[in-house]
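Colleague: I am new to reading protein models, and I would like to go through one slowly with you. Could we take the features one at a time, beginning with the general idea?

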Amino acid sequence: MSTRETDHLSIGEVLAALNDEFPDITISKIRFLESQGLVNPERTPSGYRKFYPHDLARLRWILYQQKQHFLPLKVIKERLDELPPGEEGRLLDPAPATAAEATEPDATAAEGAAVGTLTAPPVATAPAPPARRTPGRRTPAFAPTLPADEGGAENDVVPAHDTDAQYSRAELVAAAGINDAQLSELEGYGLVAPSREVDRVAQYDDDALDVARIAAGFFRRGIEARHLRMYRTSAEREAVLFGQALMPFIRQRNPEARARLQDELVELSTLGRRLRTALLRNAVRETLAE
């Protein structure tokens, strides 16, 4: 097996690599940058993305220019397109300055710093979380409660869909009980996305239908798609955490490791769900107390 076959990253690993420098990065944003032609990761035969060091360097540079210089994507793409083929490495390892360059100010470099030329961004350190004050708990006169999640059989994780069902936009809207405008909002906030296109017509899978159906329940209670972004962000961060914990199994290629990987993923998902329920139960008690 060649080195190139083993040194790539998954999209979750890319997210983990960039998260400290760019806390707002999400899988949806990486996919959006790909859709705009700013990055072009390879694909496996089954459709999974394969990111190499030059892809990670491009992403880091793009995010840096957006964050520090507020450059629009059009300008960023033009600057990236100016790089000759195979020169993406310049984004990772800029040429070191000579002794003269280190002691004399360079007008060109100063101008580049102002507009965001192709230089590697400094490594950012994650800011320390702000200190939080924990108030003493009071006994409310009345507070709605949530049931505890003990992880019993009735609460088992729903298995992944094993069908290849595909829905048109109209079929998805009808099956989920939402309207086209609401589906557009879900897409705009990265909660739903087509699984593929056939003759330039978007098609959606069962996962998209599940999200749309759940979102319909929120819509009926006056909660909009923009309010649901926190669930997407939380899910993506949780997936990165699970990926890091399960990496020893992912790297192995034997059937036993794959079976153990599936079991561990289900267990982690159950633990995560139970923890969210416990934390939410406490937060609800404090928030809705009279």
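Colleague: What percentage of the 290 residues of the chain count as buried?

Modeller: A residue is called buried under 20% relative accessible area, exposed over 50%, and partly exposed in between, using a 1.4 Å probe and protein chains only. In this chain of 290 residues, 28% count as buried. Please keep in mind that this is a predicted model, where local features need pLDDT of at least 70 and side-chain atom pairs count only at pLDDT 80 or more, while totals for chains, interfaces and linings use all residues. Residues are numbered from 1 along each chain as its sequence is written, and side-chain values use heavy atoms, with hydrogens and water left out.

Colleague: How many helices and strands are there in the chain?

Modeller: Helices are DSSP runs of H or I with at least four residues, strands are runs of E with at least two, and both are numbered from the N terminus. The chain has twelve helices and four strands.

Colleague: At what angle do helix α1 and helix α2 pack?

Modeller: Each axis is a line fitted to C-alpha atoms, for helices over the stretch in contact, and the angle runs from 0 to 180 degrees between N-to-C directions. Helix α1 (residues 11-19) and helix α2 (residues 27-35) pack at about 110°, with their axes 10 Å apart. Because 65 to 115 degrees counts as roughly perpendicular, α1 and α2 are described in that way.

Colleague: Which residues of α1 and α2 meet?

Modeller: Contact means heavy atoms within 4.5 Å. On the α1 side there are I11, V14 and L15, and these meet I27, I30 and R31 in α2. By class, this contact of α1 with α2 has five nonpolar residues, no polar ones and one charged residue.

Colleague: How many aromatic pairs are counted?

Modeller: A pair of aromatic rings is described by the distance of the centres and the angle of the planes. Rings of Phe, Tyr and Trp (its six-membered ring) pair if their centres lie within 6.5 Å, and planes under 30 degrees apart count as stacked, over 60 as edge-to-face and the rest as tilted. By this rule there is one aromatic pair. F218 and Y231 form this tilted pair, at 5.8 Å centre to centre and with 45° between the planes. F218 belongs to helix α10 (residues 206-219) and Y231 to helix α11 (residues 229-251).

Note on methods: Parallel < 35°, antiparallel > 145°, perpendicular 65-115°, else oblique. Nonpolar A, V, L, I, M, F, W, Y, C, P; charged D, E, K, R; others polar.
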